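Colleague: Could you walk me through how to read salt bridges, a helix face and pockets from a set of coordinates?

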Amino acid sequence: MLWPYVTPGIPDDLFERLPGIPMSKREVRLLLLSHLRLQADSLVWDIGAGTGTIAVETGLLCPKGRIIAVERDEEVASLIRRNCDRFELDNVEVVEGSAPECLENLPQPPHRVCIEGGRPIKMILKEVWRYLQPRGRVVATASNLENLYALSESFAELQVRNIEVVQSAVNRLETRGLSQTFAAVNPIFILSGEKLD
């Protein structure tokens, strides 16, 4: 077994990757997972799943759950499937499609939604909100000021409750030449909240 632990935080190098395809780094992934507040049987939508790291981690953490990874690019969707196979997961389904258009065809209603990408982000969030179960949670990431503003504005418009916003600041020890130095992992904003009505 590639990751025989119940602890989340799979090392990045255990995932197959494609050049240019984004991947949530391990430390950022841990923050995302903590904000999702998963249960063993959660139905999770992972929108803009990229390399599939969140889909894999949530699949392992929710053995009785069902994870739907949404990815619009066929080659990237295949990458997610390969990563799920590497970790012997049978509770992750990869859906090739563009959000928000493909959302109506997904298993519903989700308990948790993770939005890691997609444009236009406001439309995706508003559509996700329609399907999210009462007391469900949404977690979204923003790597630029425009998406941060769009998400925070949408959270206010949708009356998302118990909002939390975290910005990651992670440095990793790396060897460069003969010396060891700390290199920053790209900072990212994580916004989360609940649907209470």
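This is a predicted model: local features need pLDDT of at least 70, side-chain atom pairs count only at pLDDT 80 or more; totals for chains, interfaces and linings use all residues.

Colleague: Let us begin with the charged pairs; how many salt bridges does a search of the whole structure find?

Modeller: The general idea is to look for a side-chain nitrogen of Lys or Arg within 4 Å of a carboxyl oxygen of Asp or Glu, and a search of the whole structure on that basis finds 15 salt bridges. One of the pairs is Asp 12 with Arg 29, whose closest N and O atoms are 2.5 Å apart. Asp 12 belongs to the segment before α1 (26–36) while Arg 29 sits in helix α1 itself, so this pair ties together parts that are 17 residues apart in sequence.

Colleague: Are Asp 12 and Arg 29 buried or exposed?

Modeller: Both Asp 12 and Arg 29 are buried. A further pair to set beside them is Arg 172 with Glu 27, where the closest N and O atoms are 2.8 Å apart. Since Arg 172 lies in strand β7 (residues 170–176) and Glu 27 in helix α1, the pair ties together parts that are 145 residues apart in sequence. Here Arg 172 counts as partly exposed, because its relative accessibility is 23%, and Glu 27 is likewise partly exposed, with a relative accessible area of 22%.

Colleague: Turning to helices, why would buried residues line one face?

Modeller: An α-helix has 3.6 residues a turn, so residues three or four places apart point the same way. In helix α4 (residues 121–131), the buried residues are Ile 121, Ile 124, Leu 125, Val 128, Trp 129 and Tyr 131. Seen down the axis of α4, these buried residues fall within an arc of 160°, and therefore they line one face of the helix.

Colleague: What covers the buried residues of α4?

Modeller: The cover includes the strands β1 (43–47), β4 (112–115), β5 (137–142) and β9 (189–194), together with helix α5 (145–158).

Colleague: Finally, how should I read the pockets, and what is the volume of the largest pocket?

Modeller: Rolling a probe the size of a water molecule over the atoms shows where empty space is left. The largest pocket has a volume of about 1,000 Å³, and of the 44 residues that line it, Pro 22, Met 23, Gly 48, Glu 116 and Gly 117 are the closest to its centre. Two or more residues of this lining come from each of α1, α2 (53–61), β2 (66–71), β5, β7 and β8 (179–185), and β8 gives the most, with 3 residues. By class, the lining of the largest pocket divides into 19 nonpolar, 16 polar and 9 charged residues.

Colleague: Which residues lie nearest the centre of the second largest pocket?

Modeller: The second largest pocket, with a volume of about 160 Å³, is lined by 13 residues, of which Trp 3, Tyr 5, Val 6, Leu 60 and Leu 61 lie nearest its centre. The lining of the second largest pocket has 10 nonpolar, 1 polar and 2 charged residues.

Technical notes
Residues are numbered from 1 along each chain as its sequence is written. Side-chain values use heavy atoms; hydrogens and water are left out. Helices (H or I, at least four residues) and strands (E, at least two) are DSSP runs, numbered from the N terminus. Buried means under 20% relative accessible area, exposed over 50%, partly exposed in between (1.4 Å probe, protein chains only). The arc is that of the directions from the helix axis to the C-beta atoms. Contact means heavy atoms within 4.5 Å. On a 1 Å grid over the protein atoms alone, a cavity is a set of points where a 1.4 Å probe fits but cannot get out, and a pocket is an open set with protein on both sides within 12 Å along at least five of seven lines; lining residues have an atom within 4 Å of a point. Grid points are joined across faces, edges and corners, and a volume is the space filled by probe spheres set on the points. Ala, Val, Leu, Ile, Met, Phe, Trp, Tyr, Cys and Pro count as nonpolar, Asp, Glu, Lys and Arg as charged, and the others, Gly among them, as polar.
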